[in-house]
Amino acid sequence: MEYKPKIKICCIKNIEEAELAIKYGADAIGLVSEMPSGPGVISESEIKFIASNVPENIKTFLLTSKQSSREIIEQLIRCKTNTVQIVDKLLLGTYSEIKIALPNVDIVQVIHIIDSDSVKEAIEISKNVDGLLLDSGNPNAKTKTLGGTGKTHNWKLSREICQNVKIPVFLAGGLNPDNVADAIKSVQPTGVDLCSGVRTKGNLDETKLTAFFKNANSVII
């Protein structure tokens, strides 16, 4: 059957990049707040401006490295996005506290795919959030990598997660126009997410965007 994945373009830097991504067909954009490492960080005021000036049907993801529900709620109130992407483990508070405070905000938890324990973690967390995003970072590294690595991971583990959860799953990590079709066929996620794979010298590249959307939307499963 024909398969049309959701596509999220991450590391959006300004309203012009947001409009360009949406022009090519992006369903969602990623807006990166303060991180211990990785690309695409912009100010909270810029995140708020972008989130407030894109069409209502576009999902605006606030990428946060904060690990307490209280801090995440406060940041969401400042940034005004309709989705939060929690890139590290939630250590203080609960997902339900975020949902009660901001019932219209979707909660997407990032799972960094390292080994089979990542599959167990994803299945358990899936019971408490609105979506998962499977990435290639390492939150246990001396300097945490929480996304934007440009590296793929073991897609067999990601496929296992997709088969065993009942919520939307985005696949991230090293995707580009050349491998996105294989990634979608292998994992069969709800959607795909990428940053560097459609950029040249840090800027969105229209040639790469064209190829990526064409290849992603051509998959038949």
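In which helix is Ser 69 found?

Reply: Ser 69 is found in helix H3. The model is a predicted one, and what follows is computed from it.

Ser 69 is buried, its relative accessible area being 4%; the cut-off for buried is under 20%. Apart from residues up to four places away in sequence, Ser 69 touches Leu 90, Leu 92, Gly 93, Thr 94, Glu 97 and Ile 98. Trp 155 lies elsewhere: 86 residues separate Ser 69 from Trp 155 in sequence, and their C-alpha atoms are 30 Å apart in space.

Helix H3 covers residues 69-79, and H2 packs on it at an angle of about 55 degrees, the two axes being 8 Å apart. Angles under 35 degrees count as roughly parallel and those of 65 to 115 as roughly perpendicular, so H2 is oblique to H3. On the H2 side the contact is made by Glu 44, Ile 47, Lys 48 and Ala 51, and on the H3 side by Gln 75, Arg 78 and Cys 79. Sorted by class, the residues of this contact are 3 nonpolar, 1 polar and 3 charged.

H2 (44-51) also takes part in the surroundings of helix H1 (residues 15-24). The buried residues of H1 are Ile 15, Glu 17, Ala 18, Leu 20 and Ala 21. They pack against H2, against strands E1 (6-9), E2 (28-32), E9 (199-200) and E10 (203-204), and against helix H8 (206-216). At the N-terminal end, H1 is capped by Asn 14, which has a side-chain oxygen 3.2 Å from the backbone nitrogen of Glu 16. After H1 comes Gly 25, with a positive phi near 120 degrees.

The packing of H1 with H8 has an angle of about 35 degrees, with the axes 10 Å apart, and the crossing is right-handed. H1 contributes Leu 20, Ala 21, Lys 23 and Tyr 24 to the contact, while H8 contributes Glu 206, Leu 209, Thr 210 and Phe 213. By class there are 5 nonpolar, 1 polar and 2 charged residues in the contact of H1 with H8. Leu 20 and Ala 21 are also among the buried residues of H1.

H8 has a further contact, with helix H7 (residues 180-187): their axes come within 8 Å and cross at roughly 30 degrees. Since angles under 35 degrees count as roughly parallel, H7 and H8 are therefore roughly parallel to each other. The crossing of H7 and H8 is right-handed. Here Val 180, Ala 181 and Ile 184 of H7 meet Phe 212, Asn 215 and Ala 216 of H8. The residues of the contact of H7 with H8 are 5 nonpolar and 1 polar, with no charged ones.

Ala 183 also has its place in H7. Ala 183 is buried, with a relative accessible area of 0%. Leaving aside neighbours within four places in sequence, the residues in contact with Ala 183 are Trp 155, Leu 171, Leu 175 and Gln 188. Of these, Leu 171 is 12 residues from Ala 183 along the chain, with 8.3 Å between their C-alpha atoms.

Key
Residues are numbered from 1 along each chain as its sequence is written. This is a predicted model: local features need pLDDT of at least 70, side-chain atom pairs count only at pLDDT 80 or more; totals for chains, interfaces and linings use all residues. Side-chain values use heavy atoms; hydrogens and water are left out. Buried means under 20% relative accessible area, exposed over 50%, partly exposed in between (1.4 Å probe, protein chains only). Helices (H or I, at least four residues) and strands (E, at least two) are DSSP runs, numbered from the N terminus. Contact means heavy atoms within 4.5 Å. A polar contact is a pair of N or O atoms within 3.5 Å; within protein, one must be able to donate a hydrogen and the other to accept it, and residues adjacent in sequence count only if both atoms are side-chain atoms. Axes are lines fitted to C-alpha atoms, for helices over the stretch in contact, and angles run from 0 to 180 degrees between N-to-C directions. Angles under 35 degrees count as roughly parallel, over 145 as roughly antiparallel, 65 to 115 as roughly perpendicular and the rest as oblique. A crossing is left-handed if the near helix is turned anticlockwise from the far one by less than a right angle, and right-handed if clockwise. Ala, Val, Leu, Ile, Met, Phe, Trp, Tyr, Cys and Pro count as nonpolar, Asp, Glu, Lys and Arg as charged, and the others, Gly among them, as polar.
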